[in-house]
Amino acid sequence: MPKVTTDMNIMEAVENYPIIAQVLMRYGLGCVGCIISSAETLGEGIAAHGLNPDIIVEEVNAILEKQENM
């Protein structure tokens, strides 16, 4: 079961899983420092920049799963 979903609030998701900030930055997204991050979901924030939220969230979940298995 995925830990992170596209309907999660950006700030809450980053607080729970800080790796999200690194992944977003790699895609050129400064969502973490954006004032809207407290009101927007990951899906909304990523899509607003013309990227596919499902792909990025899938990447985050893959990283979290690898971290758990270490």
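How many salt bridges does the structure hold? The structure holds two salt bridges, a salt bridge being a side-chain nitrogen of Lys or Arg within 4 Å of a carboxyl oxygen of Asp or Glu. They are described below, after the basis of the model and the overall fold.

## Basis of the model

This is a predicted model, in which local features need pLDDT of at least 70 and side-chain atom pairs count only at pLDDT 80 or more, while totals for chains, interfaces and linings use all residues. Residues are numbered from 1 along each chain as its sequence is written, and side-chain values use heavy atoms, with hydrogens and water left out.

## Overall fold

The chain has four helices and zero strands, arranged along the sequence in the pattern α-α-α-α. Helices (H or I, at least four residues) and strands (E, at least two) are DSSP runs, numbered from the N terminus.

The radius of gyration of the chain is 11 Å, which agrees with the value near 11 Å for a compact globule of 70 residues. This radius is taken over C-alpha atoms, and the globule rule is 2.2 Å times the number of residues to the power 0.38. Along the principal axes, the C-alpha atoms fill a box of roughly 35 × 20 × 20 Å. Among contacts with a separation of 6 or more, 67% join residues 24 or more positions apart; contact means heavy atoms within 4.5 Å.

Of the 70 residues, 36% count as buried. Buried means under 20% relative accessible area, exposed over 50%, and partly exposed in between (1.4 Å probe, protein chains only). In α2, the buried residues are Ile-19, Ile-20, Ala-21, Val-23 and Leu-24, and they pack against α1 (10-16), α3 and α4.

The largest nonpolar core has 18 residues, and those with the most contacts inside it are Val-4, Ile-20, Leu-24 and Leu-42. Such a core is a set of buried Ala, Val, Leu, Ile, Met, Phe, Trp, Tyr and Cys residues joined through side-chain atoms within 4.5 Å. Two or more residues come from each of α1, α2, α3 and α4, and α2 gives the most, with five residues. Beyond its neighbours within four places in sequence, Leu-24 is in contact with Leu-29, Cys-31, Val-32, Leu-42, Ile-46 and Ile-56. Just after α2, Gly-28 takes a positive phi of about 80°.

Thr-41 lies in the loop between α2 (19-26) and α3 (42-47). With a relative accessibility of 19%, Thr-41 counts as buried. Residues up to four places away in sequence aside, Thr-41 touches Thr-6, Asp-7, Met-8, Asn-9 and Ile-10.

## Salt bridges

Lys-3 forms a salt bridge with Glu-68, and the closest N and O atoms are 2.6 Å apart. This pair links distant parts of the chain, with Lys-3 in the segment before α1 and Glu-68 in helix α4, 65 residues apart. Lys-3 is partly exposed, at a relative accessible area of 36%.

The side chains of Glu-59 and Arg-26 also meet in a salt bridge (1.8 Å, N to O). Glu-59 lies in helix α4 and Arg-26 in helix α2, so this pair ties together parts that are 33 residues apart in sequence. Arg-26 counts as exposed, at 54% relative accessibility.

## Surface

The chain exposes about 4500 Å², of which carbon and sulfur atoms supply 55%. Accessible areas come from the Shrake-Rupley method with a 1.4 Å probe; for residues, only the protein chains shown count as cover.
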